[in-house]
Amino acid sequence: AAAPRAADDATLTGQSAAITRLQRQIVKVAAASAPVLIWGESGSGKELAAQAVHARSPRCKGPFVPINCGAIPAQLIQSELFGHERGAFTGAARDKRGLIESAQGGSIFLDEIGDLPLELQANLLRFLQEKTIYRVGGTRSIAVDARVIAASHVNLPQAVQRGAFREDLYYRLNVLALDVPPLRERKEDLLPLAEHFFHTFSSERAPRLKGISSRAAQAIREHDWPGNVRELINRVRRAMVMAEGRLIQPQDLGLATAAPARAPLQLDDARIRAERDAIDASLLRAGRNITLAARDLGVSRMTLYRLLAKHGISAPSQDRYTAVESE
């Protein structure tokens, strides 16, 4: 869709020192051909950085193939990455190219590389060393010219120490490293990004809604953004739907502003506000799925429903979420 694409395009832009440094590094890294390892918190834009490296590289006309190593079932991941020959296993009725092979002439992006099983790490290491792969059930090597870009939000050196990640693979991947800054280190970019997302998703807002209030802007500046850009996009989109006035308010974003110095919050008020903010944040992280939000908060679903009623928060539609929660 055009709107999400436009939102993606803006994520790595801004005036902060942290994002300007990343932009310069991307240009340098793109010109090389060595593997790239991208570090960054969840939601900070690691895949967008990988796409930017590919788009500015000599391989830009080739395919960009993203793979989330943690999202593919363990029993399928070898076949998905390396492909298989007909008859390699029950149900393999024909030859199949794997995702690495499909990236011929382009770049392959291995997101959450730390989730790759150890036995497949050896196969990936062989590909990085020899630029060849073997399909599952195959006996001939297949040459593949594809640049590997990997990303992780976990500390890979620590994973190496635990024996969960191969040291030789880590050093083979970590030739060119990029750090995608968390949003809390990009304070100057917060309001321009929020305004950009407000206009990007303009089709979702009520006609009367004209912009972001000064109190909401203050709340955006004061929030630490643990979910990074993904959280900012979600909060702005939610506010555009939930806002009842002409300007977005902090409560529409699910954020609280600091109380004025002359009117300090009473302890009970502070507790109530903190509880409501925690519920709002959990619902946001869980995509308004009651079961996941309750698990995140460490309470039962019935307790969460009582808390929603207490704070006047509308419960997600059961018709919409029953299928999700029954899985």
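Which residues does Ser 16 touch, not counting residues up to four places away in sequence? Ser 16 touches Arg 186, Glu 188 and Asp 189, where contact means heavy atoms within 4.5 Å. Ser 16 is found in the loop between helix 1 (2-11) and helix 2. With a relative accessible area of 1%, Ser 16 is buried; that word stands for under 20% relative accessible area, while exposed is over 50% and partly exposed lies in between (1.4 Å probe, protein chains only).

Before going further, a word on the model. It is a predicted one, in which local features need pLDDT of at least 70 and side-chain atom pairs count only at pLDDT 80 or more, while totals for chains, interfaces and linings use all residues. Residues are numbered from 1 along each chain as its sequence is written, and side-chain values use heavy atoms, with hydrogens and water left out.

**The chain as a whole**

The secondary structure comes to 16 helices and nine strands. These are DSSP runs numbered from the N terminus, with helices (H or I) of at least four residues and strands (E) of at least two. Of the 327 residues of the chain, 44% count as buried. Among contacts between residues at least 6 apart in sequence, 72% join residues at least 24 apart.

The buried residues of helix 2 are Ala 18, Ile 19, Leu 22, Ile 26, Val 29 and Ala 30. Seen down the axis of helix 2, they fall within an arc of 95 degrees, so they line one face of the helix. That arc is taken from the directions from the helix axis to the C-beta atoms. On the face turned away from the buried side, helix 2 carries the exposed residues Ala 17, Arg 24, Val 27, Lys 28 and Ala 31. The cover over the buried residues of helix 2 includes strand 1 (36-39), helix 3 (46-55), strand 6 (147-152), strand 7 (176-179) and helix 9 (187-200).

Strand 1 is covered on both faces: Val 36 and Ile 38 on one side, and Leu 37 and Trp 39 on the other, are all buried. Strand 1 pairs with strand 6 in the parallel sense over four bridges, and four bridges also join strand 1 to strand 7, again running parallel. Two strands pair if DSSP finds at least two bridges between them. Trp 39 has Ser 152 as its bridge partner in strand 6 and stands opposite Asp 179 in strand 7.

**The nonpolar cores**

A nonpolar core here is a set of buried Ala, Val, Leu, Ile, Met, Phe, Trp, Tyr and Cys residues joined through side-chain atoms within 4.5 Å. The largest has 33 residues, of which Ile 100, Leu 110, Ile 113, Leu 124 and Phe 165 touch the most other members. Several elements each supply at least two residues of this core, among them strand 1, strand 2 (64-68), helix 4 (74-82) and helix 6 (118-130). Helix 6 gives the most, with five residues. A second, separate core of 24 residues includes Leu 190, Phe 198, Ile 212 and Ile 220.

Leaving aside neighbours within four places in sequence, Ile 113 is in contact with residues including Leu 37, Cys 69, Leu 124 and Phe 165.

Helix 6 has Leu 120, Gln 121, Asn 123, Leu 124, Leu 125, Phe 127 and Leu 128 as its buried residues. Their cover includes helix 4, helix 5 (99-102), strand 3, strand 4, strand 6 and helix 8.

A search of the whole structure finds zero disulfides, a disulfide being a pair of cysteine sulfur atoms within 2.5 Å. The table gives the accessibility of two cysteines and two other residues.

| Residue | Relative accessible area | Class |
|---|---|---|
| Cys 60 | 37% | partly exposed |
| Cys 69 | 2% | buried |
| Lys 131 | 33% | partly exposed |
| Asn 228 | 0% | buried |

Lys 131 has a positive phi of about 60 degrees although it is not a glycine, and its place is in the loop between helix 6 and strand 4 (132-133). Asn 228, also not a glycine, has a positive phi of about 60 degrees; its place is in helix 11 (residues 228-242).
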